[in-house]
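Open the model in your viewer and keep the selection panel handy. This tour goes stop by stop.

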Amino acid sequence: MPSGAIAQQKVIELTYGTPYGPDHIFSKTDQRWMAKIEKETNGRVKFKPFWGGAIIGASANAMDEMVKNVADVGFISPGQAKTGYDVSKALFLFFTGVNPADERRIFFEMLKRFPEIEAEYKGLKVMGWSSGTQYDLLARKPVRKLADMKGMRVKTLGEITSVLKDLGVEGVNSPMTEVYVSMQKGILDGAFVTYNTLDILRLAEVAKYYTMLNLVRPSTGSRVMSLVAWSKLPPDIQKVFQSNVEWFSTESDNDQIKSDMEGKEFGKKNGVEYITLPKEDMAKFYSLILDKAAKEAKNLDAKGLPGTKILTEVQRLRGGR
């Protein structure tokens, strides 16, 4: 075999960094993706995973670390970035009122129409876009109307802290890993969570009232490759990765949906009551968030980004204002 052919077949080892352990739902998706890439490249690509934050953690620095090629491929949360990703951060507000079942369709339409969304991932190549599913309010007392939230102390979502303040709610930025003990001791009255935390974090043991607010977390580029690593890959290998972006995105979302449904069922079996707010209260809550969204859209406009256009289009597609 010619020396060039031998060099072409040389195994490319790529490191993979994630803040999650190998048994986490995200990591299980990652492992199937890595196995698929290795198979489709006929073993020319091999992954060396580093789990549990060994090289890439769940921090605001993760994106910068990935750009610097601390890991070749890794899991990131753009919403935690100290700077940049302005559109990605605003999308949570823009998607207010979107049915979780429609999130993926609407997001990918936005991704196609507004290249500014993907352009934020400077120094990175997105390997998979995934949704964080929907957030609702789990509380130690029943919240059957917005007024019931007044005076509560809850683990918040950063984007809506000011909205909650207007409703008389104290928002607390608490790590999700501390929510169980904080609610058990009465330090927190509630928390914005996803269904699967009822099971995975056993939150169904410390709170029994789950008010459904359907705050959908739109997709972000959660799995990325450093452009440093990407530029070193032969074109045919790049093609394999590129052809798997949709697969990776879909699998990640499906795994999250499955985990959420299992969590919801776990809650039912363990005495959790699922509460729906009156329509007028939901409309008021969404209106407050959309007012904040409009202000954030104007801030993006001032930076030369199509904030108002994206907000308007998302709300049009969801059938909102």
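A residue counts as buried when its relative accessible area is under 20%. Keep in mind that this is a predicted model.

**Stop 1: helix H13**

Select residues 279–302. This is helix H13, with 24 residues. From its first C-alpha to its last, H13 reaches 34 Å, close to the 34 Å expected at 1.5 Å a residue.

Now colour the buried positions of H13. They are Asp281, Met282, Phe285, Tyr286, Ile289, Leu290, Ala293, Ala297 and Leu300. What do the buried residues of H13 pack against? Show helix H4 (86–94), helix H7 (161–166), strand S9 (209–216) and helix H14 (307–318); these are the partners.

Step past the end of H13 to glycine 304. Its phi is positive, near 85°.

**Stop 2: H13 against H14**

Show side chains on both. From H13 come Leu290, Ala293, Ala294, Ala297, Lys298, Leu300 and Asp301. They meet Gly307, Thr308, Leu311, Gln315 and Arg318 of H14. This contact holds 6 nonpolar, 3 polar and 3 charged residues.

**Stop 3: H4 against H14**

H4 and H14 pack at about 35°, with 10 Å between their axes. Their crossing is right-handed. On the H4 side, select Val87, Leu91 and Phe94. On the H14 side, select Gly307, Ile310, Leu311, Val314 and Gln315.

**Stop 4**

Switch to the strands. Look for an open sheet of 5 strands in the order S2-S1-S3-S10-S4, with mixed pairing. Strand S2 (45–50) and strand S4 (124–130) are at the edges. Each has a single partner strand, so one side of each lacks a neighbour in the sheet. On average, neighbouring strands here are turned by 25° against each other, direction ignored.

Zoom in on strand S1 (residues 12–17) and strand S3 (residues 73–75). They pair in the parallel sense over 2 bridges. Pick tyrosine 16, and you will find valine 73 of S3 opposite.

**Stop 4: the helix on the sheet**

Finally, select residues 25–40. This is helix H2, which packs on the sheet. H2 touches S1, S2, S3, S4 and strand S10 (220–226). The direction of H2 makes about 160° with that of S2.

Methods
Residues numbered from 1 in each chain as written. Predicted model: local features only at pLDDT ≥ 70, side-chain atom pairs only at ≥ 80, totals over all residues. Heavy atoms only, no water. Helix = DSSP H or I, 4+ residues; strand = E, 2+ residues; numbered from the N terminus. Expected span 1.5 Å × (residues − 1). Buried < 20%, exposed > 50% of the residue type's maximum accessible area, 1.4 Å probe, protein only. Contact = heavy atoms within 4.5 Å. Axes fitted to C-alpha atoms, helices over the stretch in contact; angles between N-to-C directions. Left-handed = near helix turned anticlockwise from the far one by under 90°. Pairing = 2+ DSSP bridges. Nonpolar A, V, L, I, M, F, W, Y, C, P; charged D, E, K, R; others polar.
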